[in-house]
Amino acid sequence: MSVLTTFKPPKALSGKEFTYCPGCQHGTVHRLIAEVIDELQIQGRTIMVAPVGCSVFAYEFFDVDGTVAAHGRAPAVATGMKRALKDSVVFTYQGDGDLAAIGTAEIVHAANRGEKITTIFINNAIYGMTGGQMAPTTLLGMKTSTCPYGRTVENDGYPVHVCELLKETGGIAYLERTTVNTPQDIRKTRKALRKAFTAQLKGLGFSLVEVLSTCPTNWGMNPIEATEWLEENLKREFKVGLFVDKVGDDQ
Amino acid sequence: MTEKTMVKGNEAMAEAAIRAGCRLYFGYPITPQSEFTEYMAKRLPEVGGSFLQSESEVSAVNMIYGAACTGRRVLTSTSGPGFSLMQEGMSYIAGAELPSVFVNVVRGGPGLGDIQPAQSDYFQATKGGGHGDYHAVVLGPGTIQEAVELISDAFDIADRYRTPVIVLADGMLGQMMEPVIFGKYRDPDSLPDHSEWSLTGAGKREPHKVTSFNIDPYELEKMNMRYQAKYKEIIKNETRYETIRTEDADYLLVGFGTMGRILGSVIRQAREQGIKVGLFRPITLWPFPYDQLKKSAKGKKYVLDVEMSTGQMVEDVRLAVGDSLPVHFYGRTGGVVPNPEEVLQALRKHTEEAE
Amino acid sequence: MAVNYVEIDADRCKGCGLCISVCPKKVLRFSSSFNSKGYHPAEQHDPDNCIGCGFCYLVCPDTSVTVLKETSKAGT
């Protein structure tokens with residue numbers, strides 16, 4: 001008899017247990033990024049920039065050089081790294097508060113410059129680490145601890161659509177919005193991540209993959225309900241799909 | 001390289017950075033330092049370096065953070081309002097122990113203020129600026145020649161102690177022209193090795209992690225105590241100052257940067273008028289030369305501290321001198337530079353009071 | 001003939017149940033025992049019907065799942 005491992009965790013993860021809540025999809029996206037790093041054989045020259053938010057510890061979960069940026073500033077930190085070390089592969093991992101509220105200037109300008117870095121953007125429509133406050137991507141009517149009566153246009157304006165905003169910037173080489181609810185979605189996200197990193201490796205410009213994700217704890221649901229809520233609500237506001245692809249066939 | 005060149009302060013400091021082996025610049029235009037940024041934009045591509053005009057000073061300081069993570073020499077220049085925006089990043093850089101050099105060509109404040117020379121960013125530079133228990137080394141050049149030398153030293157100190165270093169210049173130093181002798185070009189490949197901690201891609205080694213972060217208070221306290229031990233070393237090894245004619249003086253003037261330089265000419269005129277005065281000029285503003293100033297002030301009848309502010313360094317002067325003798329202050333603010341005659345008047349007044 | 005089965009790192013598992021919900025053959029369930037974190041981890045109760053599709057691996061947010069395939073040696 002011989003035993004073959006058909007699915008096992010990628011090498012680019014450090015093996016450290018994730019600090020996320022049960023069912024939180026941060027971990028799924030982490031694993032997909034690491035799988036792509038393995039596949040592209042870039043572990044030895046990759047540097048990651050973790051954000052402030054639930055994924056503040058992300059730099060410990062990957063077996064690559066890493067740091068934590070100030071809240072929202074990861075694209076600027078990554079820019080400094082990439083300009084200093086042109087052969088490195090630099091990626092930022094950011095949540096919706098980090099990227100779409102406090103870090104709006106940094107992400108727009110990094111994208112517009114065509115900075116040769118990759119950003120993985122987790123949009124779960126809520127602040128996780130600080131305990132469930134309103135995010136720039138919180139849906140209208142959605143209740144959080146800082147919009148306890150539901151988000152209103154009058155008071156808080158509209159949910160920020162990051163991909164729709166960024167697609168007009170000249171420096172974008174790859175831009176896609178995905179989900180990781182089903183095995184099929186997960187395979188699509190993996191493919192998007194591979195293309196995003198390939199855009200960087202080919203020097204084509206800035207790449208970003210927005211992943212709509214669940215936050216069961218702060219949404220007040222069990223993990224299964226959260227995936228259903230995402231399908232019915234988050235996906236209605238934020239259309240999944242490909243926005244920019246200058247990579248073409250990356251095989 | 002012993003030839004004297006007539007050059008503007010901002011451009012001289014920029015050239016000094018390039019000669020010190022700095023090949024990375026991230027910054028945002030602001031008066032009165034914009035020539036610094038422009039010079040880097042022109043020169044860095046000529047020497048194979050990388051120049052980037054950031055979207056804000058907030059971004060600039062974080063680009064510095066990222067570039068410094070790779071262990072390369074990196075610098076930015078700005079003025080008060082821009083430096084205020086950089087304070088978040090300064091705190092992270094100090095916490096992550098990243099060697100980096102900041103030039104603040106100080107202008108009148110607070111707020112938008114004006115674009116004339118000032119020294120009113122002394123507190124911000126020397127007492128923190130950002131959040132947390134940290135210090136940056138602060139150097140206060142009095143002449144363009146000294147600024148050129150201190151830029152080079154700033155990189156060496158930054159590398160030696162893994163710390164941010166601030167060169168606290170002012171609008172006068174940035175805008176004026178003087179003959180300067182530049183130092184030799186340093187080969188960027190011969191600079192101090194940071195491969196033990198820097199982020200370069202792990203290759204075959206264990207990955208490096210560079211952060212200012214530790215969720216465990218006991219561990220974070222340990223990190224802080226490590227910074228403090230480093231600051232002690234810096235105080236011991238790097239404290240610098242200059243004295244002029246203090247030995248036989250009855251009175252002691254204290255001033256830093258270009259104000260210190262103006263006080264140099266005050267001494268001559270005062271002595272011609274029979275007022276025997278000397279000058280103590282701190283060159284490192286952090287670490288402040290407390291003990292050295294105390295020694296210089298011993299036996300004098302008073303100390304007169306003169307600043308282009310409403311009185312910031314004077315607090316350190318008082319800490320140094322204590323109650324042993326009167327400490328007076330004279331300052332102009334908002335971009336007004338005290339002229340020698342005003343200082344002489346203050347000297348005469350305090351001398352009369354003392355006699 | 002190949003036999004597929006999954007290994008679940010019971011102490012890593014946070015009992016979110018995502019793997020159980022996507023399993024097309026319903027061969028996974030919550031264990032009745034607690035792990036060191038206090039969760040009921042997932043377990044494979046019916047390995048004979050596992051088809052090795054890897055869905056459980058794909059949705060697991062905690063890299064607790066490994067999927068294996070056991071094959072008879074050639075010629076035996």
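Biologist: What makes a residue pair count among the 14 in polar contact between chain C and chain A?

Modeller: A pair of N or O atoms must lie within 3.5 Å; within protein, one must be able to donate a hydrogen and the other to accept it, and residues adjacent in sequence count only if both atoms are side-chain atoms. Between chain C and chain A, 14 residue pairs meet that rule, both residues being at pLDDT 80 or more.

Biologist: Which elements of chain C supply at least two residues each to the side that touches chain A?

Modeller: Helix 1 (18-22), helix 2 (55-59) and strand 4 (65-71) do, and strand 4 gives the largest share, 7 residues. Helices (H or I, at least four residues) and strands (E, at least two) are DSSP runs, numbered from the N terminus.

Biologist: What do these values rest on?

Modeller: This is a predicted model: local features need pLDDT of at least 70, side-chain atom pairs count only at pLDDT 80 or more, and totals for chains, interfaces and linings use all residues. Side-chain values use heavy atoms, with hydrogens and water left out; residues are numbered from 1 along each chain as its sequence is written, while chains are lettered from A and ligands numbered from 1 in the order in which they are written.

Biologist: Why is the link of Lys37(C) with Glu17(A) called a salt bridge?

Modeller: The term asks for a side-chain nitrogen of Lys or Arg within 4 Å of a carboxyl oxygen of Asp or Glu. The closest N and O atoms of Lys37(C) and Glu17(A) are 2.6 Å apart, so the pair qualifies. Arg113(A) and Glu55(B) form a salt bridge with their closest N and O atoms 2.9 Å apart.

Biologist: How do you know that strand 1 of chain A pairs with strand 4 of chain C?

Modeller: Pairing needs at least two bridges found by DSSP. Strand 1 (residues 2-7) of chain A and strand 4 of chain C are joined by 5, so they pair, and they run antiparallel. Leu4(A) stands opposite Lys69(C) there. Strand 3 (residues 65-68) of chain A and strand 9 of chain B have 2 bridges and run parallel, with Lys209(B) as the bridge partner of Gly66(A).

Biologist: What makes strand 3 and strand 13 of chain B edge strands?

Modeller: The open sheet of chain B has 7 strands in the order 3-2-4-5-7-6-13, with mixed pairing. Strand 3 (50-53) and strand 13 (284-286) each have a single partner strand, so one side of each lacks a neighbour in the sheet.
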